[in-house]
Amino acid sequence: MEDWIQIKGIIKQGYGVASGKSGNPRFPQGTIEMQKPFFREQGLDLDAYFSGTINVSIYPYKYEIKQAKYTFRNVKWSPHDPAEDFSFLDCQISLNTGKLLSGFIYYPHPETKPEHFQSPDILEIITPFISGLKYGNECIIEVNSQQINII
C-alpha cells in the first residue's frame, strides 16, 4: 500500500448522463451501461459495478494521469457520437463508515469527448452501488501514485 495516497473529497452532483438520470434520449440507460460491453470486450468487466459515476471534488487540488491501469482507444460505443478514448485507474473510496470500497477512476479523455466536460478537480468514480450517498458528503479517496498525480 506504499504507492497509495489519500485525499479528502466532497460528493458533487454530475450531469446524470452516465447513470441515465438526465433523461437524455440518446442514452436512455446511461452512458456507462451502454459502454460496459465495449470495455468487457477489451478486458475490463464492470458488471459488478453501478452503471453511473460518483463525482468527487478534490478542490483545491487537480490531478493528472500518469499511467492508467486500462486505456481503451477509439471506442465507438454510441451510434450518435464519434469514437472516444477511455482510461481507468485503481482507487478506493471511504465514506463515513470507514470501510474502503474498491473501484475505478473513470476518465473519458477530454480530447475525444464530444460534451459533458468535468472540472479539473472532479474525479469520476465507478464502484458497486453505495446506498445512502448524498451530495455534499465528505469522503476519502485513495489513489495509486504510480497511476495518478494529485497536484
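Are Phe 39 and Phe 86 buried or exposed? Both of them are buried. Keep in mind that you are looking at a predicted model. With that said, Phe 39 is a friendly guide to this part of the structure.

**The helix around Phe 39**

Phe 39 belongs to helix α1, which spans residues 31-41. The helix has these buried residues: Thr 31, Ile 32, Met 34, Gln 35, Lys 36 and Phe 39. In an α-helix there are 3.6 residues a turn, so residues three or four places apart point the same way. Just after α1 comes Gly 43, with a positive phi of about 110°.

The model has twelve aromatic pairs. To describe a pair of aromatic rings, one gives the distance of the centres and the angle of the planes.

| Pair | Distance of centres | Angle of planes | Kind |
|---|---|---|---|
| Phe 39 and Phe 72 | 5.7 Å | 25° | stacked |
| Phe 39 and Phe 86 | 5.1 Å | 75° | edge-to-face |

Phe 72 sits in strand β4, 33 residues from Phe 39, and the pair links distant parts of the chain. Like Phe 39, Phe 72 is buried. Phe 86 lies in strand β5 while Phe 39 lies in helix α1, so their pair ties together parts that are 47 residues apart in sequence.

Terms used:
Residues numbered from 1 in each chain as written. Predicted model: local features only at pLDDT ≥ 70, side-chain atom pairs only at ≥ 80, totals over all residues. Heavy atoms only, no water. Buried < 20%, exposed > 50% of the residue type's maximum accessible area, 1.4 Å probe, protein only. Helix = DSSP H or I, 4+ residues; strand = E, 2+ residues; numbered from the N terminus. Phe/Tyr/Trp six-rings, centres within 6.5 Å; stacked < 30°, edge-to-face > 60°.
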